Amino acid sequence: MLERHSHSTEQIIEDLLRPVTQTTTMNWVAFIVLGGVLSAWVFAIGWMFYWGTGVLGLNRQNIWGILIVNFVFWIGISHAGVMISAILRLSQAEWRRPVTRAAEVMTMFSLMTAMTLPFIHTGRPWRTAYWVFPYDFWRGIWPDVRSALVMDPSAVFTYLSGTIMFVYVTMIPDFALLRDRSIGWRHALYRVLALGFKGSERQWKIQTISGFILAAIMLSIFVSVHSIVSWDFAFSLDPVWHSTVWAPYFVIGAVHSGVSAVVTLMALMRWMFKFDDYIREEHFDAIGRLLVVVGSTWMWFFLLDVFFDLWRQDPTDDAIMRMRFFEWPYTLLLGFIFIFGYFIPVPIWLFRRFRRNIKVMFWTSILVNIGMWSERYWLVMPGLQRKFQWTFDWVPYRPGPVDITIVLGTFALVGFLLLVFAKLFPPVPVWDELEGQRFAGEIQVGKRSVPAIIREF
Amino acid sequence: MEVQEIEHRELPRLWELPPQRVIEDGLRRIRGSGTVYKVMLLISAVCAIVGIIAFIVGPISSGWNDRQAWTYVAITFGILMCTIGSAPCFSVCLRMVRGHWRRPVNRLAEIWAIGMIVPLILFFFLLGILPDTVGRSSFWFGWPVSPYLWDSVMMVALVICGYGFLYVGALPDMAIARDQIEGEGGGIFTRLSRGFRGTLYDWQIIDRAQGILGAFYVLLYVGSMTVIAGDFIEALVPGDNSAIFPAQYTIEGLEAGIAVTIFAMGIMRYLGGLDEYLEAEQFFAAAKLQLALGLLYFYTHWTEFIIWWYGRTPREVALLKIFYFEPYFWLFCVAFATMFLSPLFILVWTRVRMGIVGPWVTSGLVLVGIIIDNIRLYSASFSTPNIYLQELSTIPKAYVPGVTDILLAVGLLGGAVGVCLLGFKLVPYPSIWEVTAGIYLRVRRKYLKTEVVLIGKPN
């Protein structure tokens, strides 16, 4: 925004379309590695479908394992797109410009990935299809529509469809740009997607207003989605799950992990696609300041949850909290949550020189997501493990190789989809960058020249 | 200054004012007081006297054994914490996002910190009715002298931080007052301005100090509201372990802080002659935040309600009854309507937000709502006879205030407002240095067929 280099329009277009037009060695390496992990993922899922869910580490008490933890994690990551794109678009923050598309697309692919998990974790998803449809009361099946497990697919599908619309609307001008600069199958693809966009005043007005309206709608959806996911657990009377704070706690945790994931993505995009002039230190500085607030709010909610689990001094709750604090592996995970999720990254982000250091921001964002994945495990599994009072049922959960492969495969899936996206469409909005260049200016205050931004009255 | 119209939109006059005019306006209240100000001060003084008498006649003479007699002291304390306590947090938030529209608003949000001495005094009296943590629900885990010591540390730190934050932000203006006001009137500013000369180093200190004190104020406010919600409300209701409640109470406070600032903006605009400083731009932007906090108010209430409703254990049913459905049902309805429905249905319309009356009326409704909500919460928590039970077995009847209670609340609230009014004699309003900086950082320029504003971003 204010540290931008002044490039010509043609230079900006050429730079930002470079990932679409060129494939570097690093791209190929990434494709091959991620493709390999994806293959293992597909194999693991196929293995589970063939042999049944017994190949997972699940047992009678622990009916949900790291697949559901991973589901919650990816839904959380998906919140970054709306947080950054919708809120910053509505508040007209200039620093959003290079970041929004990557965040929105990561939302889309994280959601799709998250949705595979409840689908496959039934073990026989084809059976899910024929008992779900038609989902009504004609066949004598009376689903409890008050259950959060019923609200959840509605919320997630609504969020996904809204996100797809949002991403699509904001990409139309870039589809038009690509249509005018491509030939062959690409030209045909972009022509269809561009919907005849010619850049007239009316079309720009509709595109801008649509973006604002969708941003406002998405905000309410994004809060509801992760709230409903939290209620999958909190509506039950399981000890330490049944807490009033879980909805906002999950939402703020999602924002914390999601925005950190956006930082990771920004750093990778800058390195892989040589976007040094477009994803600048000032963007990391701005997002770092946001993360300090978000991270601190998350820590407040985390402490509220912990303190109020101990508040009533109920023996069952106290026993589970002792397990969470003092038994393996929860002690280790608690350490990850505190240290990686907050006490390393947030103090570092307080200092401007570290916020402007891309490597520091990259590694701290990775640490945050390690902490946040651990947090989801720490939240979900203990309640299941000690759900009932019969001590013979208190069997620990040990994820097996199939569980772990499926979880790792989801990371590869998101990465792979992002790379494929970057090959087809510009990962940084070209029209947004061009607009930002137009809005940048300077004013003279006394002897100093101060960077400025154009605003309408 | 004449209002010009380009393309049928009114241009903000604030950014066209000459800096000398801003200095004169900023120092006007320090140099002299108008009739309206004197009348308001007099009313506040009378209220304060009445409030103190009612306080002595009522709760003090009842002693600390009768918790219910202190209900309206707690309510007054809660209202003040939610309104004047949280207004500086609004200022901190505006400084963090660095919008230009906030420049005439920041000082008005921060000046409420002067009144924090009143809730602090009430807090120390209320400690007497708070039981220690032995044998009851608490998050202090038997820490020594809990909850008295830790709650006190939090509150005292909050008040000191609030005064510090206000002082640091006003320091440059006090230096202007020192240089502009002659005679004895300027003497106090010589001491308060501490040799501020506006060097680069001086400004860097101000900038850093504001950042640190502002951040600490927000942290301390959140912490204080968390312990107040826990110790003064939840701990006194058997079976209440709602983890969202401290956040809910804090968010209500933040919403009320914005409301009290917008309300004050309206008063200053119409009665204080500051219509050139507090224009539609300021109300429009503040109203968006008011709406957002109103939605958060609903969200936090909904998350609590729905978990208790789904759980439906006897303990949770009792909590739903005491807080929502039985003795204080109508209070909850009024609070819900004023703190959520009115911001939603009034401020959701852009045309209404772009005006001044809509946001001002909504802020007034929110202030009514926060008063009602504090009555609901503290009346419920101070009515339970035995706080050592695991859950509520019978729902206590609604507490109906007596004349002493009402006089106490009205009096002390009026007194707190009076203390804040006195602050205008020491702290220039509007903020001269911030508004002047905003004027320098805005330039109008022709752009193609229209005219735009260039806003400087030196940071």
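Q: Is Thr404(B) buried, exposed or partly exposed, and why?

A: A residue is buried if 20 or more other C-beta atoms, placed from the backbone, lie within 10 Å of its own, exposed if 12 or fewer, and partly exposed in between. Thr404(B) counts as partly exposed because it has 19 C-beta neighbours inside 10 Å. This is a predicted model, in which local features need pLDDT of at least 70, side-chain atom pairs count only at pLDDT 80 or more, and totals for chains, interfaces and linings use all residues. Residues are numbered from 1 along each chain as its sequence is written, while chains are lettered from A and ligands numbered from 1 in the order in which they are written.

Q: Which helix holds Thr404(B), and what is Thr404(B) in contact with beyond its neighbours within four places in sequence?

A: Helices (H or I, at least four residues) and strands (E, at least two) are DSSP runs, numbered from the N terminus. Thr404(B) sits in helix α16 (residues 403-423) of chain B. Two residues are in contact if their C-beta atoms, placed from the backbone, lie within 7 Å. With neighbours within four places in sequence left aside, Thr404(B) is in contact with Ala54(B), Val57(B) and Gly58(B). Val57(B) is 347 residues from Thr404(B) in sequence, yet the two are 7.5 Å apart in space, C-alpha to C-alpha.

Q: How many residues does helix α13 of chain B have, and what distance does it reach?

A: The expected span of a helix is 1.5 Å times one less than its number of residues. Helix α13 (residues 329-347) of chain B has 19 residues and reaches 26 Å from first C-alpha to last, close to the expected 27 Å.

Q: Where does α13(B) bend?

A: The bend at a residue is the angle between axes fitted to the seven residues ending there and the seven starting there. In α13(B) there is a bend of about 40 degrees at Leu341(B), and the proline Pro343(B) follows within four residues. Pro343(B) is one of the buried residues of α13(B), which include Phe340(B) and Ser342(B). The buried residues of this helix pack against α10 (245-270), α11 (280-311), α14 (350-353) and α15 (357-381) of chain B.

Q: In which sense do strands β3 and β4 of chain B pair?

A: Two strands pair if DSSP finds at least two bridges between them. Strands β3 (residues 442-447) and β4 (residues 450-456) of chain B pair in the antiparallel sense over six bridges. Arg442(B) has Ile455(B) as its bridge partner in β4(B). The two strands form a hairpin with two residues between them, and Leu448(B) in the turn has a positive phi of about 55 degrees.
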